[in-house]
Amino acid sequence: MTSTVSNSQGTLHPRGYESRNNGAFRSPEPGFDDSSDGAELVSVSWNQDSSCFSSGTSHGFRIYNCEPFKETFRRELKDGGFKIVEMLFRSNILALVGGGPNSQYPSNKVLIWDDHQSRCISEFSFRSEIRAVKLRRDRIVVVLEHKIYVYNFIDLRLLHQIENLANPRGLCCLSHHMNTSVLACPGVRRGEVRVEHFGLNMVQIINAHDSNIACMTMTLDGLLLATASTKGTLIRIFNTMDGTRLQEVRRGTDRADIYSIALSPNVQWLAVSSDKGTVHIFSLRVRVSGEDSPSTEHETSSNSLQGLVTPASGVNPGSSLSFLRGVLPRYFSSEWSFAQFHVPEVTQFFAAFGAQNTIAIIGMDGSFYRCSFDPVNGGEMTQLEYVRFLKPETLS
């Protein structure tokens with residue numbers, strides 16, 4: 001597999017987001033259109049700290065702020081839209097990949113869009129379909145089904161190529177602290193996760209599940225990894241430095257398609273959404289030590305992580321028969337969810353943590369929820385806000 005990179009600027013300079021007048025993409029050159037009639041939702045995606053999210057539509061893309069909820073800006077195109085709209089925090093840089101009904105943008109090309117300049121400044125072309133694009137301030141990561149390419153952000157130089165098992169979901173996650181450079185992706189064997197600690201020149205292979213990996217996420221510092229398999233019953237949390245499994249929680253006993261996993265910034269909570277129509281919150285017993293001071297990548301796992309710390313708030317419920325561990329089936333000794341919120345089962349929903357024990361949920365039906373949970377008693381969450389960010393009449 002080969003890739004082609006073109007750069008019209010030489011260097012990339014992320015800035016704070018500024019909404020400018022609509023411009024036109026370099027290649028192809030359809031120009032923008034002020035009309036958004038008939039736009040269909042193609043994709044939704046959180047930015048790195050979940051303060052914003054993007055939506056790719058059949059006619060362009062839109063950016064939304066979460067607290068307070070509002071549409072920040074939109075770019076409407078005459079000739080198609082995007083299946084991938086990857087933000088870089090709240091900067092002016094986005095990565096775009098064509099998709100959706102009648103899009104003239106190919107699915108094997110990444111466009112790096114600078115909204116400050118209102119133009120496409122770089123392109124990456126590949127021989128096969130792009131499954132995902134991930135950004136951090138110093139890296140651009142392009143995920144194909146069998147290979148991952150890692151580029152330097154400033155000069156677009158290819159730094160790493162990673163082979164992996166078939167990855168149609170485009171699974172890949174990055175750390176976002178500047179003093180850690182960690183990438184996690186599926187390995188070359190079923191149920192395996194490969195963790196690249198680039199700053200330490202170290203690779204950690206984690207045998208996470210018996211089945212294929214379906215979903216994964218990392219803490220912003222890259223020290224903790226949470227995974228689920230295609231079976232969708234268990235979520236496991238690992239130390240990425242040594243591969244130790246720190247905790248396991250159970251979503252349910254029947255199979256499910258896991259849509260999203262999120263870790264709260266204080267690593268006290270974990271959220272999971274699936275095709276079963278429930279968003280689950282779990283209490284975590286792991287946390288990063290020294291939270292008041294950022295850790296460096298050269299710390300060892302013994303002093304950068306404290307495993308199995310008793311949480312200061314709620315505890316996940318277990319079965320009343322858990323004392324028969326080893327006698328009854330395994331799920332009787334499982335940790336179940338601490339809090340729940342129910343959403344329609346008809347579409348995909350993706351959850352992320354907000355401030356002060358809240359979560360935000362975005363759906364492929366164009367809906368946005370904000371909910372709160374009781375950190376002591378758990379139970380059913382309280383809906384605080386509901387917005388239809390893409391009106392029903394514009395949905396397909």
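Modeller: Happy to! Let's start with strand 16 (residues 192–197) and strand 17, which run antiparallel and are joined by six bridges. This is a predicted model, in which local features need pLDDT of at least 70 and side-chain atom pairs count only at pLDDT 80 or more, while totals for chains, interfaces and linings use all residues. Residues are numbered from 1 along each chain as its sequence is written, and side-chain values use heavy atoms, with hydrogens and water left out.

Biologist: What makes strand 16 and strand 17 a pair?

Modeller: Two strands pair if DSSP finds at least two bridges between them, and here there are six, so the label applies. Strands themselves are DSSP runs (E, at least two residues; helices are H or I, at least four), numbered from the N terminus. Within this pair, Val193 stands opposite Ile206 of strand 17.

Biologist: And how do you know that strand 14 and strand 15 pair?

Modeller: DSSP gives them two bridges, in the antiparallel sense, and at least two are needed, so they qualify. Leu174 has Leu183 in strand 15 as its bridge partner. Strand 15 and strand 16 are antiparallel too, over five bridges, with Pro186 opposite Val193 in strand 16. They form a hairpin with five residues between them, and Gly191 in the turn has a positive phi of about 75°.

Biologist: What makes strand 14 and strand 17 the edge strands?

Modeller: The open sheet has the order 14-15-16-17. Strand 14 (173–174) and strand 17 (202–207) each pair on one side only.

Biologist: Why is strand 15 called mostly covered?

Modeller: In strand 15 (residues 182–186), five of its five residues are buried. Buried means under 20% relative accessible area (exposed is over 50%, partly exposed in between, with a 1.4 Å probe and protein chains only).

Biologist: On to charges. Why is the contact of Glu76 with Arg62 called a salt bridge?

Modeller: The term asks for a side-chain nitrogen of Lys or Arg within 4 Å of a carboxyl oxygen of Asp or Glu. The closest N and O atoms of Glu76 and Arg62 are 3.3 Å apart, so the pair passes. Glu76 sits in strand 5 (residues 70–76) and Arg62 in strand 4 (residues 60–65), 14 residues apart. Arg62, Glu71, Arg74 and Glu76 are linked in a network of salt bridges.

Biologist: How do you know that Glu76 is buried?

Modeller: Its relative accessible area is 2%, and the cut-off is under 20%, so Glu76 counts as buried. Arg62, at 4%, counts as buried as well.

Biologist: Finally, which residues have the most contacts inside the largest nonpolar core?

Modeller: They are Val110, Phe126, Ile130, Val133 and Ile140, in a core of 21 residues. A nonpolar core is a set of buried Ala, Val, Leu, Ile, Met, Phe, Trp, Tyr and Cys residues joined through side-chain atoms within 4.5 Å. Apart from this core lies another, of 18 residues, among them Ala271, Ala339, Val343 and Ile359.
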